[in-house]
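Please look over the model below before reading the points.

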Amino acid sequence: MSADQIPLPPPYRIKVVEPIAFLSPSARRDAIEAAGYNPFNLRSDQITVDLLSDSGTGATSSAQEAAAAQGDESYAGARSWFRFREEAADLTGYPYLLPVHQGRAGERVLFSSLLKPGQICVSNTHFDTTHANVEIAGGTPVDLPVAEAFDLDSTEPFKGNIDLVRLEEALAGPADVGLVLMTITNNGLGAQPVSMANLEAVRALCQRYRVPFFLDAARFAENAWLVQQREPGYQGWSPRQIATRAFQLADGCLISLKKDGLTGIGGLIGLRDDALFAQCEANLIATEGFSTYGGLSGRDLERLAVGLREVVDPLYLSSRAAQTARFARMIKDAGASIVEPAGIHALYLNAGRLLPHLSPSEFPGHSLGCQMYLDGGIRSAELGSLYLGELDESYRVVKPAPFELVRLAIPRRVYTMEHFEYVAAVLGGIAKDPERIRGYRITSAPALLRHFKVRLAPL
Ligand code: F0G
């Protein structure tokens, strides 16, 4: 192998570390039982490898922490705001920017100003808080992903795209479309990217039907990387140029900066329309904070300004994508299957296939997630009938989710290959003898946002 073919290691080394817990099998059994078999109820010091979310869980860099020391905490007009605004404006090109403390705050502020009650919001797939905030604003969320997204084994490169034929049907009426929102990458459907061709076609349709077009760009840099790797015509572009082009196509954006902002907290609304900006700004000041901090500290804004540069570094993105790809190969070698092709921020295990002896009403995704905790202290998130299925009053599944998945989200710059080898080994142990895994039943569940507070018991 010549030197330029040798895969590069991550472009950073570790300076500060945090201990993780290794509980005994009996302590894990006690912990998950006390948690009502709901991983959201576990304490982080009961977990060995935490793959619950890639949101706010990344490691910051020495440059980010150095910048944070310069944070200006002035109530209005802080230097840190102007530094952040300059970076965000350079990246996105939007003339109007508002800071928010996280993505869902931006959703609430934007939708309450933009959506009229009775209107629909069309998306490739709404994230769960986005879905909820459309409804809170009196709108109806409608998801129109491409058909390939429903073939979990298909290796089509852009399974995050929206179905353009169905989008045009929706725009043509009779429903009143208030907004088209493209989620890049598509977190609700396997972390699949959206192509630039699809975004351009959405823009053209939205212009023809005079409907605002927004991006939910939580993973804008990872989408840009996958475009550069997979979409003809973009090989000569930098990830930053691709991201900027994507923002340019839309009328505005919502970004949860807890992902590709490389920070623990933060969010952003980007707009072109001055009247909409004025409305959002008034709402922001009343509910989030003055428009030069929006619920963030000056130190957060400084970390974000640096994070927005670091995240589009091709060396960083290539190493992160390679880490996920290697993790995907290890999982498949261990005998489990995932939603293909592997994206970047998470892998989605096909629990329905691994545990065919469990019916959707026995929650196979949840069973797999619990077993990974019991066998290895690994925390994950179910994306199956527990989260998305329809239940009757006695918590019986009346309409299962289309798939029984478990998301293994990958925090940025946090775990090493040894952690992923460990997770794959634990999964390998499960895949060798899947029949031993039992299902679960719900013992109590709230009416709203069930997965956060549900309690279960083994069958
Ligand atoms: N949009 C997308 C695509 C997301 O993935 C998230 C959060 C949000 C909006 C909301 O942002 O959390 O900052 O309020 N996703 C996290 C996850 C929670 O684990 O996927 P937030």
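The numbered points below go through selected parts of the model.

1. Basis. This is a predicted model, in which local features need pLDDT of at least 70 and side-chain atom pairs count only at pLDDT 80 or more, while totals for chains, interfaces and linings use all residues. Residues are numbered from 1 along each chain as its sequence is written, and side-chain values use heavy atoms, with hydrogens and water left out. Helices (H or I, at least four residues) and strands (E, at least two) are DSSP runs, numbered from the N terminus.

2. H7 and H9. Helix H7 (residues 196–209) packs with helix H9 (residues 239–249) at an angle of about 15 degrees, their axes being 9 Å apart. Axes are lines fitted to C-alpha atoms, for helices over the stretch in contact, and angles run from 0 to 180 degrees between N-to-C directions. H7 and H9 are therefore roughly parallel to each other; the cut-offs are under 35 degrees for roughly parallel, over 145 for roughly antiparallel, 65 to 115 for roughly perpendicular, and oblique for the rest. On the H7 side, Met196, Leu199, Glu200 and Arg203 meet Ile242, Arg245, Ala246, Gln248 and Leu249 of H9. Contact here means heavy atoms within 4.5 Å. By class, the contact of H7 with H9 has 5 nonpolar, 1 polar and 3 charged residues (Ala, Val, Leu, Ile, Met, Phe, Trp, Tyr, Cys and Pro count as nonpolar, Asp, Glu, Lys and Arg as charged, and the others, Gly among them, as polar).

3. Strand S7. Strand S7 (residues 252–256) is mostly covered, with 5 of its 5 residues buried. Buried means under 20% relative accessible area, exposed over 50%, and partly exposed in between (1.4 Å probe, protein chains only). Gly252, Leu254 and Ser256 lie on one side and Cys253 and Ile255 on the other, and both faces are covered.

4. Neighbours of S7. Strand S6 (residues 213–216) runs parallel to S7 and is joined to it by 3 bridges; Leu215 has Cys253 of S7 as its bridge partner. Strand S8 (residues 267–271) runs antiparallel to S7, with 5 bridges between them, and Gly267 in S8 is the bridge partner of Ser256. Two strands pair if DSSP finds at least two bridges between them.

5. The sheet S9-S14-S11. These 3 strands form an open sheet in that order, with antiparallel pairing. Its edge strands are S9 (346–350) and S11 (381–383), each pairing on one side only. From one strand to the next, the twist averages 30 degrees. S9 and strand S14 (residues 405–409) are joined by 5 bridges, and Ala346 stands opposite Ala409 in S14.

6. Helices on this sheet. Helix H12 (residues 314–333) packs on the sheet and touches S9 and S14, its direction making about 20 degrees with that of S9. Helix H14 (residues 364–376) lies across S9, S11 and S14, at about 40 degrees to S14.

7. H14 and H16. The axes of H14 and helix H16 (residues 417–432) come within 10 Å and cross at roughly 115 degrees. That makes H14 roughly perpendicular to H16. Leu368, Gln371, Met372, Asp375 and Gly376 of H14 make the contact with Tyr422, Val423, Val426, Leu427 and Ile430 of H16. By class, this contact has 7 nonpolar, 2 polar and 1 charged residues.

8. Asp4. Asp4 lies in the segment before helix H1 (25–34). Is Asp4 buried or exposed? Asp4 is exposed, with a relative accessible area of 71%. Its C-alpha atom is separated by 36 Å from that of Ile255, 251 residues apart along the chain.
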